[in-house]
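Hi there,

Here is the structure I promised to send over. Have a look at it first, and then read on for my notes.

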Amino acid sequence: MVNKELLPDFIFESSWEVCNKVGGIYTVLSTRAQTLQSVFTDKVIFIGPDVWKGNQCQYFKEDKTLFKEWKASCKSSGLSVRIGRWNIPGSPIAILVDFTPYFEHKNELYGWLWEHYQVDSLHAYGDYDEASMFSYAAALVVESFYNFNLTEKHNVIYHGNEWMTGLGLLYIQTRLPQIGTIFTTHATSIGRSIAGNMKPLYDYLFAYNGDQMAGELNVQSKHSIEKQTAHHVDCFTTVSEITAKECVELLDKPVDVVLPNGFDNSFVPANATAFTRKRKAARKRLLEVANALLGETLDDDTLIVSTSGRYEFRNKGVDVYIESMNRLLRDKDLKKKVLAFIEVPGWVGDPRQDLIERLASGKQYDTPLEVPQVTHWLHEMSHDNVLGMMKYYDMHNRKDENVKVIFLPCYLDGNDGILNMTYYDVVLGNDLCIYPSYYEPWGYTPLEAIAFKVPCITTDLAGFGQWVNSEVGHPGEIKDGVKVIHRTDYNYSEVADAIKDTVAEFSAMTKKEVADARSAAEKLSKKALWSEFIKYYYQAYDIALRKAKERKQISGGK
C-alpha cells in the first residue's frame with residue numbers, strides 16, 4: 001500500500017520579494033499564492049521584509065484584526081511586525097517584519113552559524129548582512145507564531161527562497177526540529193557569478209569546484225550559506241532540470257524535487273473583446289511613442305518585437321538580441337518593418353521632456369529627436385551597455401532602415417511618464433517576444449508572453465525552453481508557439497542568426513499561420529498553469545514533513 005502524502009496544516013514561506021516587487025521570485029510566489037490559498041485557506045502565511053519604514057506599500061494591505069493577541073505578544077518581546085494581506089489574487093496573509101534591530105547581534109549570529117553549520121560569513125559584503133538579518137527576523141516570526149498559536153500536533157512547513165533565507169532556515173531546523181524545512185534555490189549564487197563573469201558555465205560544469213570558484217569570484221559567504229542550507233534542510237529544491245545539474249556540481253547536493261515555475265493566467269483578459277481592445281490599445285501606444293521619437297509614420301502592419309527582464313546584459317541575452325537586430329537590418333527575407341523594444345530597467349533618470357511634448361501635441365513629425373534610441377534619459381548614458389553596443393554597431397534608427405531598436409529603460413508599472421502602461425498590458429501589443437538567455441534557471445518572461453498569445457523565441461539554456469522541448473517532443477519551432485534555439489557556451493553568432501532568421505520567417509507568415517502560432521502559444525501556456533505544477537510542491541511538503549517526524553521520533557526516543 002502506498003503511503004498517502006502528508007499535507008501541512010500551516011505553511012510559512014519567506015522571501016525578500018514578498019510584497020516587494022524586485023524580480024522573478026515575486027512572480028513565482030504571487031502567482032502561486034491563489035492556488036495554495038484555495039487549498040490551505042489562510043493557513044499559508046508569507047513573510048517579507050518591512051522595507052517600507054512605515055510608508056504605504058502598494059502590494060500590502062494591513063489588517064489590524066488578524067492575530068491580535070499574537071501581535072501584542074510580539075510587541076512585548078521586541079519583534080516588530082505588520083500583519084495584513086498581500087495585494088495579489090488569493091489575498092494571502094502576509095507578515096512584514098522589521099529586521100533592522102538585529103544588526104547589533106550580527107557578529108554573534110554569524111558566530112553561531114559558523115559553530116553549528118560552518119557557514120563562512122567573514123567575506124560578507126553588499127546585501128549579505130541585510131539579507132541575513134531579514135532571514136533571522138523571519139525565523140523569529142515563525143518561532144514566535146508557532147509557540148503562541150500551534151502545537152506539535154500541527155504539521156508545519158517553513159519554506160525559504162534563495163540564499164537570503166538560509167540563516168533562518170538553519171535557525172528553525174535547530175530551534176524547532178518538529179517543523180519541516182524546504183529550501184528553494186532559484187539560481188545558484190555561484191552559477192550566476194560564473195555566467196555573469198563571462199566564464200563558460202556549461203561545458204566546464206563537471207570540472208568546476210563550487211567552493212574554489214566562490215573564492216575566485218568573491219562570493220564565498222553567499223555560496224557558503226546557500227551550500228550549507230541545501231545540505232541541512234529537510235527538502236532541497238530548485239526550479240528546473242538545468243539548475244538541478246548546477247546544484248549537484250556546484251553545491252555538491254542533488255535536489256530532492258524540481259519545482260517548475262507555474263503561472264496564474266487570471267489577469268489575462270478572458271473575454272475576447274476585452275483582449276482585442278487591450279491589444280489594439282497597446283499597439284497604438286507603442287507606435288505613437290516610436291513615431292514621436294523617430295519622426296516616422298510606422299503603421300499597424302509593423303512587426304512589434306521585444307525583449308525584457310532584469311538588466312543582466314549577457315545572462316538574459318540582451319547582447320545577442322541587439323546583435324540579431326543589427327543583422328536583421330541587412331536581411332533580404334524580411335517582409336515587414338520591425339520595431340524592436342528593449343524593456344530592461346537601467347539606471348533611469350527622467351522621462352524625456354521633448355518626447356512628452358511631442359506625444360502631447362498629437363502631431364506627426366518627420367524628423368527624429370536627438371538620440372532616437374531611448375525613451376528616458378539615463379544616468380551615465382556613456383557607460384550604458386545597451387546604448388554602447390548600439391553605438392558600436394552604428395544603430396541610429398535612420399529613416400531608410402527597416403529595423404528600429406528602442407530602449408525603454410524603466411519598470412513598466414504604468415507610471416513611467418512615457419508609455420504609462422503596465423508590463424502585462426504592453427506584452428499584449430507584441431507580435432513576437434525574444435528571450436535568448438544564456439543563464440536562465442526557468443524563464444518567466446517567455447511563459448508570460450505565450451499566456452498572452454504572443455509567440456516567443458527562447459533557448460534551451462533556459463529551464464522553460466527545455467520544458468517546451470519536452471512538451472512538444474522536438475526542438476520548439478515558431479509554429480509551436482515557442483521557438484527554442486540551441487545555445488552553448490560558444491555559439492553566440494549562430495544564436496543571433498537563428499533569431500534573425502526566425503523574425504524574418506515570422507514576417508512572411510500568412511494571417512492564418514500567425515493565428516495558428518498564437519493559438520499554439522496559448523495552449524502551451526495552459527500546460528504550465530499552477531494547477532498543473534502544484535503537485536510537485538505537495539511532494540516537497542511530504543518529504544519535509546516525513547523528515548521532521550523522523551527527527552521527532554529519534555529525539556523522543558533518546
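**A lysine in α17**

Lys-500 counts as buried, because its relative accessibility is 14% and the cut-off for buried is under 20%. Please keep in mind that this is a predicted model, so every value here is computed from predicted coordinates. Lys-500 belongs to helix α17. Beyond its sequence neighbours up to four places away, Lys-500 touches Ser-324, Arg-327, Leu-328 and Asp-331. If you want a sense of scale, pick Ser-224: 276 residues separate Lys-500 from Ser-224 in sequence, and their C-alpha atoms are 41 Å apart in space.

**The second largest pocket**

Helix α17 also turns up here. It is one of the elements that give two or more residues to the lining of the second largest pocket, along with α10 (272-294) and α18 (511-526). The volume of this pocket is about 540 Å³. Its lining has 21 residues, and those nearest the centre are Arg-279, Asp-431, Lys-511, Val-514 and Arg-518. Which element gives the most to this lining? That is α10, with 6 residues. By residue class, the lining of the second largest pocket divides into 10 charged, 7 nonpolar and 4 polar residues.

**The sheet**

Next, have a look at the strands. An open sheet is formed by 9 strands with mixed pairing, in the order β3-β4-β5-β2-β1-β6-β7-β8-β9. The edges are held by β3 (60-62) and β9 (257-258); each has a single partner strand, so one side of each has no neighbour in the sheet.

On the β2 (residues 44-49) side, the pairing with β5 is parallel, over 5 bridges, and Phe-46 stands opposite Ala-94. With β4 (residues 81-86), β5 runs antiparallel, also joined by 5 bridges; here Ile-83 is opposite Ile-95. β4 and β5 make a hairpin with 6 residues between them, and in the turn Gly-90 has a positive phi of about 100 degrees.

At β9, the pairing with β8 (residues 235-238) is parallel, over 2 bridges. Thr-237 has Val-257 in β9 as its bridge partner.

**The nonpolar cores**

The largest nonpolar core has 84 residues, and Cys-19 and Trp-86 have the most contacts inside it. Setting aside neighbours within four places in sequence, Cys-19 is in contact with Tyr-26, Trp-52, Cys-57, Tyr-59, Phe-60, Trp-86, Ala-94 and Leu-96.

**One more buried residue**

Technical notes
Residues are numbered from 1 along each chain as its sequence is written. This is a predicted model: local features need pLDDT of at least 70, side-chain atom pairs count only at pLDDT 80 or more; totals for chains, interfaces and linings use all residues. Side-chain values use heavy atoms; hydrogens and water are left out. On a 1 Å grid over the protein atoms alone, a cavity is a set of points where a 1.4 Å probe fits but cannot get out, and a pocket is an open set with protein on both sides within 12 Å along at least five of seven lines; lining residues have an atom within 4 Å of a point. Grid points are joined across faces, edges and corners, and a volume is the space filled by probe spheres set on the points. Helices (H or I, at least four residues) and strands (E, at least two) are DSSP runs, numbered from the N terminus. Ala, Val, Leu, Ile, Met, Phe, Trp, Tyr, Cys and Pro count as nonpolar, Asp, Glu, Lys and Arg as charged, and the others, Gly among them, as polar. A nonpolar core is a set of buried Ala, Val, Leu, Ile, Met, Phe, Trp, Tyr and Cys residues joined through side-chain atoms within 4.5 Å. Buried means under 20% relative accessible area, exposed over 50%, partly exposed in between (1.4 Å probe, protein chains only). Contact means heavy atoms within 4.5 Å. Two strands pair if DSSP finds at least two bridges between them.
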